[in-house]
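Here is a short briefing on one predicted model. Please read it beside the sequence and the 3D view.

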Amino acid sequence: MTDKSENNVNTVEEELRRFGETFEAIKDVPWAAKEYIAIHKRLNDGLKQLLEEENKLESCDKTEEEILEEKAALDKKYKDIESEAMQDEIDLLKRVIHEHEQMRAQMEEEKKALTEEYKDLLRDVTRRTREAEKLPAKVYPNDPCPCGSGKKYKKCCGKMV
């Protein structure tokens, strides 16, 4: 294997590893996963086109100097395509991080609201429990009336029953 092909294999392996790590980080965000795949499809299409151009270059009858100049131009195109894809990935990851931060903030607000609602319910239950503890379980006719009049129940509110 030549140095160039070994270098290409290492580059491909590194790209696949990086692709896997990034995709793992965004796979739970459907729109981001689709966009990430689209970025890599554009990168792949651009690299295929460059490879075709390089293959055509080797089969044409140009001087070695012209071929070297065109290979240098192709290398620059490769770097531009790769740089653009990396910038697209960075922008995508920034948007995903921003969305996660917004979701986290929203969840914190909801948590605070639920905590306050829980505290209000707990206060209400505690108040009702205390009120229920103050009242006797059953009012008998000779007990003081629960309305607070001071009369016996049978002579006050018990008459109405």
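A salt bridge here is a side-chain nitrogen of Lys or Arg within 4 Å of a carboxyl oxygen of Asp or Glu. By that rule, Asp124, Arg127 and Arg128 are linked in a network of salt bridges. The structure is a predicted model, in which local features need pLDDT of at least 70 and side-chain atom pairs count only at pLDDT 80 or more, while totals for chains, interfaces and linings use all residues. Residues are numbered from 1 along each chain as its sequence is written, and side-chain values use heavy atoms, with hydrogens and water left out.

**Overall build**

- The chain has 3 helices and 0 strands. Helices (H or I, at least four residues) and strands (E, at least two) are DSSP runs, numbered from the N terminus.
- In sequence order the pattern is α-α-α.
- Of the 161 residues in the chain, 14% are buried. Buried means under 20% relative accessible area, exposed means over 50%, and partly exposed lies in between (1.4 Å probe, protein chains only).
- The chain's accessible surface is about 13200 Å², and carbon and sulfur atoms hold 55% of that. Accessible areas come from the Shrake-Rupley method with a 1.4 Å probe; for residues, only the protein chains shown count as cover.
- Among contacts in the chain with a separation of 6 or more, 48% join residues 24 or more positions apart. Contact means heavy atoms within 4.5 Å.

**Nonpolar core**

- The largest nonpolar core has 9 residues: Ile26, Val29, Ala32, Tyr36, Ile39, Leu43, Ala85, Leu92 and Val96. Helices α2 (30–58) and α3 (64–134) each supply at least two residues of this core. The most come from α2, with 4 residues.
- A nonpolar core is a set of buried Ala, Val, Leu, Ile, Met, Phe, Trp, Tyr and Cys residues joined through side-chain atoms within 4.5 Å.
- In soluble globular proteins, nonpolar side chains tend to be buried together.

**Salt bridges**

- The whole structure holds 8 salt bridges. Side chains of opposite charge can pair when their charged atoms come close.
- Arginine 42 and aspartate 88 form a salt bridge through their side chains (3.1 Å, N to O). This pair links distant parts of the chain, with arginine 42 in helix α2 and aspartate 88 in helix α3, 46 residues apart.
- Arginine 42 is partly exposed at 46% relative accessibility. Aspartate 88 is partly exposed too, at 24%.
- Lysine 41 bridges to aspartate 45, with the closest N and O atoms 3.3 Å apart. Both lie in helix α2, 4 residues apart, about one turn of the helix.
- Lysine 41 counts as exposed because its relative accessible area is 51%. Aspartate 45, at 36%, is partly exposed.
- Lysine 76 and aspartate 80 also meet in a salt bridge (3.1 Å, N to O). Both sit in helix α3, 4 residues apart, about one turn of the helix.
- Lysine 76 is exposed at 52% relative accessible area. Aspartate 80 is partly exposed at 41%.

- Glutamate 89 lies in helix α3. At 5% relative accessible area, glutamate 89 is buried.
- The glutamate 89 side chain makes a polar contact with the side chain of histidine 40 (3.0 Å). A polar contact is a pair of N or O atoms within 3.5 Å; within protein, one must be able to donate a hydrogen and the other to accept it, and residues adjacent in sequence count only if both atoms are side-chain atoms.
- Lysine 71 is also found in helix α3. Lysine 71 is partly exposed, with 24% relative accessibility.
- Beyond its neighbours within four places in sequence, lysine 71 is in contact with Glu54, Leu57 and Glu58.

**Cysteines**

- The structure has 0 disulfides. Cysteine 156 is in none; its nearest cysteine sulfur, in cysteine 147, is 3.7 Å away. A disulfide is a pair of cysteine sulfur atoms within 2.5 Å.
- Cysteine 156 is buried at 17% relative accessibility.
- Cysteine 157 is partly exposed, at 26% relative accessible area.
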